[in-house]
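Me: I would like to learn how to read a few features of this structure, one residue at a time. Could you take me through them?

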Amino acid sequence: LYVKTTDGTMVRPLIDNRQIGESRISSVHYLRFRLADKVPAAVGCSHADINVEWPLTKLQMAELCKDLMAR
């Protein structure tokens with residue numbers, strides 16, 4: 001998974017390793033994308049079997065920016 005920014009940077013997620021153990025795995029994983037001051041433009045998956053990218057609408061980009069700035 002990745003977020004592509006308006007300048008073409010592909011940002012990969014950070015995973016909380018506390019969600020994974022030798023005998024267990026969390027049923028829900030929270031991913032964090034460190035975008036700094038970059039604006040998200042698309043989300044995608046680059047897995048060999050699922051290679052797809054979805055561009056974000058201007059409204060989606062604006063809402064994500066508001067959400068990211070609130071953190």
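Reply: We can begin with Ala-36, which is found in the loop between β4 (31-32) and β5 (40-47); strands (E, at least two residues) and helices (H or I, at least four) are DSSP runs, numbered from the N terminus. This is a predicted model, in which local features need pLDDT of at least 70, side-chain atom pairs count only at pLDDT 80 or more, and totals for chains, interfaces and linings use all residues. Residues are numbered from 1 along each chain as its sequence is written, and side-chain values use heavy atoms, with hydrogens and water left out.

Me: Is Ala-36 buried or exposed?

Reply: Buried means under 20% relative accessible area, exposed over 50%, and partly exposed in between, with a 1.4 Å probe and protein chains only. Ala-36 counts as exposed because its relative accessible area is 78%.

Me: Where is Leu-64 found, and which residues is Leu-64 in contact with, leaving aside its neighbours within four places in sequence?

Reply: Leu-64 belongs to helix α1 (residues 58-69). Contact means heavy atoms within 4.5 Å, and, with those neighbours left aside, Leu-64 is in contact with Pro-40 and Leu-56.

Me: How does Leu-1 count, buried or exposed?

Reply: Leu-1, in the segment before β1 (2-5), counts as exposed because its relative accessibility is 51%.
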